[in-house]
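Please look at the structure below. Some questions and answers about it follow.

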Amino acid sequence: QVHLVESGGGLVQAGGSLGLSCAASGIALVINDMAWYRQAPGKQRELVAIATSGGTTDYADSVKGRFTISRNNAKFTVFLQMNSLEPEDTAVYYCNAKGFLIGATYFDSWGQGTQVTVSS
């Protein structure tokens, strides 16, 4: 099993910044993709940003130029720096990791979610 723990959510005014962190723990794991998703009330969960083990990143169009994803492969952590926040960014943000455990067991794990609220 891979356990993900998120931190860093909170309340911020429009135009402000927040940073989210996610740490993965498990036994001898190899993580391929680490990503951030979000889910606003009444909406489907959507991909916000993804970072592959090879260093490739991609973003939802709505956050390009404002959010930055980064990861520390040695520490199995991923970060999301969110700048120029807008009320539309208000959502529960979830960390996701995909990869393999010992024995080639595939995993696709989610964190518990952290609330981000942007006031206008």
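Q: Which residues does Asn-96 touch, not counting residues up to four places away in sequence?
A: The model is predicted: local features need pLDDT of at least 70, side-chain atom pairs count only at pLDDT 80 or more, and totals for chains, interfaces and linings use all residues. Residues are numbered from 1 along each chain as its sequence is written, and side-chain values use heavy atoms, leaving out hydrogens and water. Contact means heavy atoms within 4.5 Å. By that rule Asn-96 touches Leu-4, Asp-33, Met-34, Ala-35, Tyr-37, Asp-108, Ser-109 and Trp-110.

Q: Is Asn-96 buried or exposed?
A: Buried means under 20% relative accessible area, exposed over 50%, and partly exposed in between (1.4 Å probe, protein chains only). Asn-96 has a relative accessible area of 1%, so Asn-96 is buried.

Q: Where is Asn-96 placed?
A: Strands (E, at least two residues) and helices (H or I, at least four) are DSSP runs, numbered from the N terminus. The run that covers residues 91-100 holds Asn-96, and this is strand E9.

Q: Which strand pairs with E9 over 9 bridges?
A: Two strands pair if DSSP finds at least two bridges between them. Tyr-37 has Tyr-94 in E9 as its bridge partner. The strand that pairs with E9 over 9 bridges, in the antiparallel sense, covers residues 30-39 and is E4.

Q: Which residue does a disulfide join to Cys-22?
A: A disulfide is a pair of cysteine sulfur atoms within 2.5 Å. Here the S to S distance is 2.1 Å, and the residue joined to Cys-22 is Cys-95.
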